[in-house]
Each structure stands twice: as structure tokens, then as C-alpha cells.
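Please look over this model with me.

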Amino acid sequence: MAEAPSTTETAPHFSLFREVRDRPLIFLSGKGGVGKTTVTQAMALAFANRGLRTLWIAFEDPLQPPGKLQRIANNLWHFNCEPAHAFEEYTSSRIGVPQLTRIFLRNKLVRYLSQASPGIRELMMIGKVWNDRAHYDRVVVDMPSTGYALAMFQSPKNFSRLFHSGPLHHDAVKMDETFGDPRETGHIILSLPEEMPLQESLDLEGHLHALYPNNPPAFMVNRMLPEDLTKPMTSITPSEWPTPYASSLEDFARKRQTLENYNLRLWRDQKLEFETLPHLEASRENSFFAIVGRLAETLQARLI
Amino acid sequence: MNLDQILDQRKIIVTCGTGGVGKTTVSAALALRSALRGYKTLVITIDPAKRLVTSLGLKELGDKPTDLTPLLANLKLSSGMKPGGSLHALMPDTRTTFENFVNNLSSDPTVAERVMRNPIYQIFAKEFSGTNEFMALERLWSLWNQGEYDRIILDTPPSRNTLTFLEAPKLLGRFFDENFIRWLVLPTNKLVSETMKRALSILEKLTGTGFMSSLFDFANALFEIRARFSANLKRIMELLGSENVGFLMITTPTPEAVPEVSLFIDNLKKNHFQFDGMTLNRTLSHLHADASGKSAPETDAIAVIRSLQNRETYVIERLKKEGIPICATLPELARDIHSLEDLAHVAMALVPDSPI
């Protein structure tokens with residue numbers, strides 16, 4: 001149990017983020033609850049504030065109207081991507097003739113297949129992202145949590161194998177190329193300074209590497225408590241604390257600072273470079289927007 | 001109702017929630033509490049963190065129930081376990097999910113083989129939407145039916161939103177919808193409708209050659225198992241809607257929790273399922289300040305936690321205003337769970353004024 005490092009390394013300030021941020025299409029993935037929605041919105045807002053025409057995409061947000069494009073700020077649009085809508089749009093663009101499109105889309109069997117076929121929902125949603133990127137300077141994608149995100153990234157590969165020819169095959173192949181091309185697409189893995197998300201991020205990186213070997217992701221840790229990184233790390237490992245609970249606010253703050261630093265060894269041991277984002281919270285209902293605004297400022301400083 | 005009252009009333013408790021809220025830990029703690037209260041308890045957990053599994057003294061959890069009761073003897077508790085109590089855990093093997101699913105439903109092994117040889121199956125075996133959820137429910141049903149346990153806690157698979165778990169079986173059900181599968185098993189030359197022929201020819205143009213024949217073949221194989229699937233789904237839905245089953249939502253005290261839980265309750269109502277309350281996990285309100293920090297980063301960290309406490313108070317006010325029942329409020333941990341002893345701390349905190 002005496003494996004604690006003697007001193008804290010200063011978190012590297014330069015990372016792949018500097019390269020990834022300049023790409024037209026950015027996917028942010030990570031475990032559920034790490035703050036992907038807030039961070040993608042903040043990134044999108046930071047791009048928009050720089051005068052770039054930006055689209056922020058989420059998938060099937062139950063709290064937003066499905067398939068709706070909304071202008072939410074100057075230069076910034078939000079789209080809640082939803083499979084049925086994406087399927088209609090895609091098939092009409094590929095069939096071309098409106099009369100045939102109608103026959104096709106009204107057909108009960110086609111409707112059934114579009115809803116029930118495995119993988120088709122994922123393909124249609126990620127296909128919509130791929131298609132819409134042409135209309136914006138920047139597209140920032142709020143991916144669903146790890147398992148679903150991987151199913152989405154996997155779907156173009158699957159369909160390119162399942163369909164041997166035809167427009168769907170062709171598009172699936174191109175999509176896969178775009179997402180694997182570092183000139184066109186950036187992948188960011190977001191985590192919290194907690195053991196489970198940090199570990200899951202490493203697993204996610206492995207899967208992404210298998211999918212896109214030439215396009216390594218950048219790493220980011222969200223909601224870091226303010227920390228004195230020059231302070232030598234205590235030799236105590238958190239598992240030796242007698243209870244998992246804290247006795248007071250100060251005790252909690254101190255323990256969490258130590259714990260975060262201790263947890264990040266999981267990434268430091270892998271020689272990963274990563275960006276950190278501060279833990280910003282406000283107390284009232286508008287807190288989300290307040291956090292997004294402040295995060296956007298933080299990111300803006302790193303985007304220029 | 002607090003969690004002890006829920007444990008006394010329901011024989012099955014289903015825990016739902018989005019990723020990252022601590023659902024697995026809370027479910028395990030609830031199961032431990034149930035065992036200590038004298039119930040023969042089983043927790044069905046999906047993909048728990050390795051640490052939780054090791055903290056239970058296991059290398060890994062298997063597809064068959066593991067008896068953890070002997071490990072409970074080492075716990076230092078104010079009072080011991082009530083007679084009759086025991087704790088078992090099971091982790092369904094989701095890697096072979098669809099294969100099991102098809103095998104379970106096929107009366108004849110050649111049917112299962114035909115499904116698994118199909119290219120559509122081979123490419124998407126892991127990704128049929130709703131299979132994990134459906135399999136977890138099937139497992140629940142058969143364990144319930146064996147009648148071996150007094151209490152079963154089902155920790156639902158991590159999901160993109162809390163509704164996914166409820167919608168998953170229906171989504172899979174649509175796949176097996178007889179009215180549609182029937183179309184696919186008809187030979188194309190028997191199709192009477194001209195528009196159907198045209199729609200299928202458009203589909204063939206879009207998907208290229210080869211795919212359609214795989215699809216027809218796949219549908220043919222599934223056609224054979226659809227009746228059993230529908231019967232299983234029906235009895236599972238009946239069980240979930242019965243008085244024996246209560247649903248808990250686990251969430252963190254963030255502003256999004258309020259609309260999320262309202263939507264979840266509406267959906268439970270639509271399905272005639274019983275909502276027993278929400279468990280607010282990772283709360284901070286109980287922490288009192290006794291100093292202001294020894295260094296600048298410490299003071300800053302305390303300020304962040306204070307603002308989180310304010311937000312939490314606001315969220316709890318809003319939940320109360322909406323009339324949403326809160327059945328437990330669990331403090332945020334200062335570190336991860338490392339042992340069964342740690343888990344017992346959480347089990348105690350589930351109903352703080354009533355020690356086990």
C-alpha cells in the first residue's frame with residue numbers, strides 16, 4: 001500500500017488539446033455524469049465568441065424538443081439530434097425524387113425497419129453530424145455516455161460491412177474516414193478526478209484507438225477543486241482513512257484535494273497529458289448558464 | 001416512506017438513474033441493509049466497478065448468485081444481523097447476452113444457429129438496443145419465479161437517461177412486432193401491394209445487393225421465436241406493475257434532477273409501475289464549517305463546496321415544492337468504497353436515525 005508518489009508533478013499545461021481545438025468537428029466523450037453537456041456548450045460558446053459559426057449537437061435530450069435547431073447565442077446554434085428525424089432527412093436526400101421519398105417513408109415496413117433495426121438509429125444520428133458539419137465553421141458534439149458513444153462510432157464501420165454497395169455503403173465508408181482523420185476531426189475524452197471515470201477513460205481510449213488509430217484523443221479533467229500543486233503529496237493513501245465519510249467541511253475539502261491528486265496517478269502513470277477545468281458551481285437555477293459562461297472564458301483563454 | 005419501510009413493503013426494488021450518480025454503490029448498500037434486517041437478499045448488479053467487486057472480497061462476480069453472507073460475520077456492527085438474513089450477488093454476463101437471449105427463446109437449436117450465422121446478427125450481436133435491459137429483466141423474472149429470495153434488488157444498466165431502462169423492452173418488442181415481421185417473411189413475389197414492392201426496391205437500391213436477402217433470412221429466423229418473446233415480455237411487465245415491485249430513482253442534487261425525476265415519474269405512471277421515491281446521493285449539506293482553511297487553495301476549495309451546498313438546498317426546496325418524495329439523502333463520500341466495512345457505512349447512512 002506504500003505506492004504513493006513522493007511529490008506532485010505539476011499538471012502539464014500543453015497537451016493535444018491545442019491541436020484538437022482547431023479541427024472543424026469535435027467529439028467530446030466520457031462516462032455519464034462527468035459534465036459533457038456543460039463543457040461542450042462552453043467550448044461551443046467560446047468558438048462562437050471568437051466569431052466562428054458554431055453548431056452544438058446533443059443526442060436525444062429528453063428535456064429538449066426532438067430534431068429542433070435553435071439559435072441560442074450570436075453565431076451559436078443548438079441541435080437536439082433524434083433518429084427518426086435524421087432518417088427522414090437522410091433518405092430524402094439520397095432518394096432525391098420527392099414522390100418516391102414519400103412512398104418510401106410512408107411505408108409501414110420501412111418505418112418498422114428504421115425504428116427496430118439494430119444500429120440504424122446510431123448510424124442516422126452520427127450521419128446527421130457528419131452531414132451538417134459542412135454548414136458550420138465548428139461542430140461540437142456532446143456524445144452520450146461511453147457505451148452508447150462507442151456504438152455510434154462503431155456504426156459506420158458495421159454498416160459499411162453490412163451493405164456491400166450502394167449509397168449507404170459509400171456514405172458509411174466516408175464517415176468512418178472523416179472521424180479517423182486528424183485534419184477533420186478531434187476527439188476529446190472528458191473525465192472527473194475520480195477513480196471510475198479516470199479508469200473508464202483509459203478503456204475508452206483503447207476502443208477509440210482501435211477505431212481510429214491515426215487520430216489520438218486529447219484528455220481533459222473536469223471539476224478539479226482548487227489545489228496547491230506545489231504541496232508535497234501526503235504519503236497516506238485514501239484507503240487508510242478510517243471511514244469513507246468526512247467529519248467537517250474542511251476535512252472534506254482537504255480529503256478531496258488529496259484524493260483527486262491521488263486518483264490522477266492513473267493517468268500520470270500512463271504519461272498522459274491532460275487539461276484541467278476548474279470546479280465551477282453557482283447556487284441558483286441559472287447556475288448552468290453561469291457555469292457555461294465562466295467555463296467558456298476559461299476555455300477561450302486556451303483556444304486563442 | 002424511508003428505505004426500511006420500502007424494504008419491508010416491496011419484494012423487488014428496481015434502482016434507476018443516469019451514469020455517475022452512484023447507483024451501483026447505493027444498490028449494494030441497500031442489499032446489505034436488507035440482509036442485515038433479516039431478509040434473504042439478492043442484488044443483481046450490472047458491470048460494477050472492479051473496486052466494488054474486490055471490496056466484497058471477490059475476484060469477480062459470476063452469472064450465478066454468489067453467497068456473501070460469510071463475509072458479513074467480520075463486520076463490526078452495533079447490533080448483529082437479524083436471523084434469516086443473507087446476502088447474495090449476481091452479475092449477468094452481458095457479453096453473451098443476445099446469444100443467451102436467442103437460445104432461451106428458441107425451442108429448437110437449429111433456429112438459434114440460423115440467427116447466429118446471419119451477417120446482421122454477427123455484426124450487431126452486441127448492439128441490439130434494449131437487449132441488456134431485457135435480459136436483466138428476464139433474469140429477474142426467473143429468479144423471482146424460483147422463489148428463493150425474500151428480496152431482490154435490481155441495479156439497472158447504466159443508461160443515457162433514466163427513461164432508457166423503461167423504454168428498452170418496448171424498443172426490442174417493436175423488433176419482434178408480428179405484423180411487421182410477417183411482411184419480411186413473405187417472398188417478394190407474393191407481395192400484393194404495389195407500393196410495398198416499390199418501397200422494398202428503393203430500400204434495395206439504398207443498401208446495395210446482398211443486404212435484403214440477409215434481412216429476409218434474419219426475419220425468418222426471428223419469426224420462429226417471436227411468440228415466446230411476446231409472452232415473456234408480457235409476464236415481465238405484469239410483474240413490474242405488481243405491488244411486489246417498487247422503483248427508486250437515484251440522482252445527485254443538481255438542478256437537472258428536478259425535471260428528470262418528474263419525467264421519470266410520469267413514465268412510471270404510464271406503465272402502471274410504482275414509484276417509491278428518489279434517493280439523493282452525493283449530498284454535502286450535512287458538512288459544517290469549523291474553520292476557513294489553512295491555505296489559499298484550501299479556502300478556495302471550501303468556497304466551491306459552500307456554493308454546492310447552496311445549490312443543493314435550492315434543489316431540495318424545488319423537489320419538495322413539486323411534491324417529489326425523497327426516501328433517502330446520502331452524504332458524498334470523501335473517498336471510494338474499499339471494503340465491506342465501508343459499504344456498511346453507506347448502508348447505515350441510508351436510514352440515518354435508525355441503526356441496523
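1. Start with Arg335(B). Leaving aside neighbours within four places in sequence, Arg335(B) is in contact with Pro238(A), Ser239(A), Trp241(A), Pro242(A), Thr243(A), Pro244(A), Leu259(A) and Asp342(B). Contact means heavy atoms within 4.5 Å.

2. A word on the source. This is a predicted model, where local features need pLDDT of at least 70 and side-chain atom pairs count only at pLDDT 80 or more, while totals for chains, interfaces and linings use all residues. Residues are numbered from 1 along each chain as its sequence is written, chains are lettered from A and ligands numbered from 1 in the order in which they are written, and side-chain values use heavy atoms, leaving out hydrogens and water.

3. Where does Arg335(B) lie? It lies in the loop between β8 (326-331) and α15 (340-350) of chain B. Helices (H or I, at least four residues) and strands (E, at least two) are DSSP runs, numbered from the N terminus. Arg335(B) has a relative accessible area of 3%, so it is buried. Buried means under 20% relative accessible area, exposed over 50%, and partly exposed in between (1.4 Å probe, protein chains only).

4. Arg335(B) also makes polar contacts. Its side chain reaches the backbone oxygen of Pro238(A) at 2.8 Å. Another polar contact, of 2.6 Å, joins the side chains of Arg335(B) and Asp342(B). A polar contact is a pair of N or O atoms within 3.5 Å; within protein, one must be able to donate a hydrogen and the other to accept it, and residues adjacent in sequence count only if both atoms are side-chain atoms.

5. Now the rings. Over all chains, the structure holds 11 aromatic pairs. Why is the pair Phe27(A) and Phe153(A) edge-to-face? The ring centres are 5.0 Å apart and the planes stand at 90 degrees, so the pair gets that label. Rings of Phe, Tyr and Trp (its six-membered ring) pair if their centres lie within 6.5 Å; planes under 30 degrees apart count as stacked, over 60 as edge-to-face and the rest as tilted. Phe27(A) is in strand β1 (residues 25-29) and Phe153(A) in helix α7 (residues 146-162), 126 residues apart. Both are buried.

6. Chain B has a tilted pair. The rings of Phe134(B) and Phe229(B) have centres 4.8 Å apart and planes at 35 degrees. Phe134(B), at 0% relative accessibility, counts as buried. So does Phe229(B), at 1%.
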